[in-house]
Amino acid sequence: MNDSLIQQEKMLEMAVNKSLSRQPVPLSLENLFHKILSRIAAEAELKKLKAKLWVISAALAVTLGVLVLALAASFAAFSKTPSFQFLRLIFTDFKVVADNWQDYGFSILETLPLGVLAFLLSSILASFIVFDFAARQLGNFRKLLNAQHHGKF
Amino acid sequence: MQGFTDAELVKKYLGGEQLALEELVRRYFKQVFFFAKTFVKQDQEAEDITQEAFVKAWKNLKKFDAEKKFKTWIFQITKNTCIDYLRKNKNMLSAESLEEQQMALSLEQMQDQEPLPEQLFDSQGFETQLEEILTGLPQSYRQTVTLRLQQDLSFAEIAEILNQPLNTVKSRYRRALLDIRQRLAPKNQ
Amino acid sequence: MENSNRPEKNIDTSESLNQAHSKTFKWIVFGLAQFIILIAVFSLGAKVGFHQAHFTESWERGYPANFGLPVRHSPQSPFLNAHGVFGSILNVNGNNLTIKDSDNNEKPVVIDAGTSIRKNFTDLKPADLKVNDSIIVIGEPNEQGQILAKFIRVLNAQ
């Protein structure tokens with residue numbers, strides 16, 4: 001009796017296994033493999049971007065700091081040099097400035113704090129570059145996040 | 001890539017070979033899908049869970065213990081992902097355990113079983129009937145039977161995947177087979 | 001039939017050639033423009049530097065005559081600004097002023113008939129200028145190390 005029950009159990013297991021193997025395979029399963037790989041690739045990209053974002057944040061912070069420093073230094077330098085006083089004349093005595101444009105031009109050029117100005121313009125240029133780069137990376141980051149959320153349950 | 005073991009493929013991928021990961025996914029994505037289907041009804045849900053499970057596996061690939069089986073590991077991840085999904089979607093897991101308890105009770109009250117007639121296995125409509133019975137099994141019984149018979153896992157591996165005691169898994173499997181037998185039995189038995 | 005294909009091929013080739021030429025041409029023009037700007041800026045810088053150096057030398061040479069001292073004197077800064085002064089009046093002697101600029105250099109400024117002097121919206125005469133007045137001067141340097149003032153603006157006392 002027990003032997004036949006054991007044998008029958010084996011037959012039942014085989015029948016169940018056969019039934020489970022006959023489960024319908026959905027058509028979309030063929031794409032699932034590629035979807036999984038695409039998803040992993042997107043996650044890898046997101047991971048790289050997250051690391052980049054730290055660097056970008058640090059670069060932004062440094063750039064902003066340098067820009068503020070440059071602005072403060074420029075303000076201090078301009079207020080010390082006569083160039084600020086000469087520049088005022090454009091608003092107060094434009095006709096005189098226009099009549100003596102060569103001498104006026106030279107007086108400005110002679111007194112410009114060139115070092116500080118170069119520092120300020122370089123900081124502004126660096127800020128533009130870093131902000132532009134940061135904006136593009138943030139755009140990529142948001143696109144990837146959106147794609148991730150649409151795929152997520 | 002097909003000649004390498006799972007552990008070797010993991011090592012290769014961590015060493016920078018992308019194709020190793022592709023081979024791993026190719027080997028198990030269908031099995032993971034069908035395992036996820038034992039938790040959820042919709043194919044789309046099972047697909048989402050499968051994707052999520054592989055992403056989690058990829059994220060934790062460095063922590064994979066080469067001494068263990070990759071299959072067991074990915075199935076564990078799939079199970080946890082399914083549970084998270086069901087909790088998020090507020091599916092009633094507890095209803096399943098109630099069904100399981102009722103079935104256990106009815107099986108205990110059964111009288112000793114006689115063997116099924118052999119011609120039953122070859123009869124017309126047997127396959128359809130068996131399919132219906134399997135679909136109607138409580139989720140945990142269906143999972144155990146699927147993992148044992150379709151995925152060809154040992155009871156120990158099933159216990160590890162489902163995070164259940166070994167004896168619970170064995171008794172669940174036995175009860176599942178008993179229940180199937182009871183439902184298959186002709187009415188006069 | 002064959003001939004009808006050839007003109008199209010020629011158009012394609014010539015279009016791509018044109019594009020290549022256009023790109024190269026743009027780069028050449030861009031490069032030349034950059035070079036011209038660089039040369040222009042450098043020339044301007046050199047000119048400004050020359051004016052400053054020349055005026056500084058004139059100022060040193062003219063120091064005994066301008067300030068009544070027997071010896072030459074070196075300025076406080078390496079180069080003096082030649083076309084403008086911002087500072088306070090140290091001395092008024094008719095049409096000759098001595099200005100102390102922001103670098104503590106003393107600069108002689110000469111007023112002539114063509115010099116325009118203003119304070120706020122009012123025109124002033126040379127005699128209205130006083131010691132310690134803060135002024136801005138725009139002018140032209142001469143060989144005696146002086147600045148011939150074209151325009152003087154007197155600032156309000158701060």
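The model is predicted, so local features need pLDDT of at least 70 and side-chain atom pairs count only at pLDDT 80 or more, while totals for chains, interfaces and linings use all residues. Residues are numbered from 1 along each chain as its sequence is written, and chains are lettered from A, with ligands numbered from 1, in the order in which they are written.

**Chain A**

- Chain A has six helices and zero strands; helices (H or I, at least four residues) and strands (E, at least two) are DSSP runs, numbered from the N terminus.
- Read from the N terminus, its elements go α-α-α-α-α-α.
- Of the 153 residues in chain A, 16% are buried (20 or more other C-beta atoms within 10 Å of the residue's own; 12 or fewer is exposed, and in between is partly exposed, with C-beta atoms placed from the backbone).
- Take the contacts in chain A between residues at least 6 apart in sequence: 87% of them join residues at least 24 apart. Contact here is C-beta atoms, placed from the backbone, within 7 Å.

**Where chain B touches chain A**

- Chain B puts in 31 residues and chain A puts in 27.
- On the chain B side, helices H2 (18-37), H3 (43-59), H7 (126-136), H8 (139-150) and H10 (166-184) each supply at least two residues.
- H3(B) gives the most, with nine residues.
- By class, that side of chain B has 17 nonpolar, four polar and 10 charged residues (Ala, Val, Leu, Ile, Met, Phe, Trp, Tyr, Cys and Pro are nonpolar; Asp, Glu, Lys and Arg are charged; the others, Gly among them, are polar).

**H4 and H9 of chain B**

- The axes of H4 (residues 70-88) and H9 (residues 155-162) of chain B come within 8 Å and cross at roughly 35°. Axes are lines fitted to C-alpha atoms, for helices over the stretch in contact, and angles run from 0 to 180 degrees between N-to-C directions.
- B:Thr72, B:Phe75, B:Gln76 and B:Lys79 from H4(B) meet B:Glu157, B:Glu160, B:Ile161 and B:Leu162 from H9(B).
- Sorted by class, this contact has three nonpolar, two polar and three charged residues.

**Two exposed residues**

- B:Asn167 lies in helix H10 of chain B, and it counts as exposed because it has 10 C-beta neighbours inside 10 Å.
- B:Asn167 is 11 residues from B:Ala156 in sequence and 9.4 Å from it in space, C-alpha to C-alpha.
- C:Pro78 lies in the loop between helix H1 (2-67) and strand E1 (84-93) of chain C. C:Pro78 counts as exposed because it has 10 C-beta neighbours inside 10 Å.
- C:Pro78 and C:Ala53 are 25 residues apart along the chain, and their C-alpha atoms are separated by 8.7 Å.

Methods: Two residues are in contact if their C-beta atoms, placed from the backbone, lie within 7 Å.
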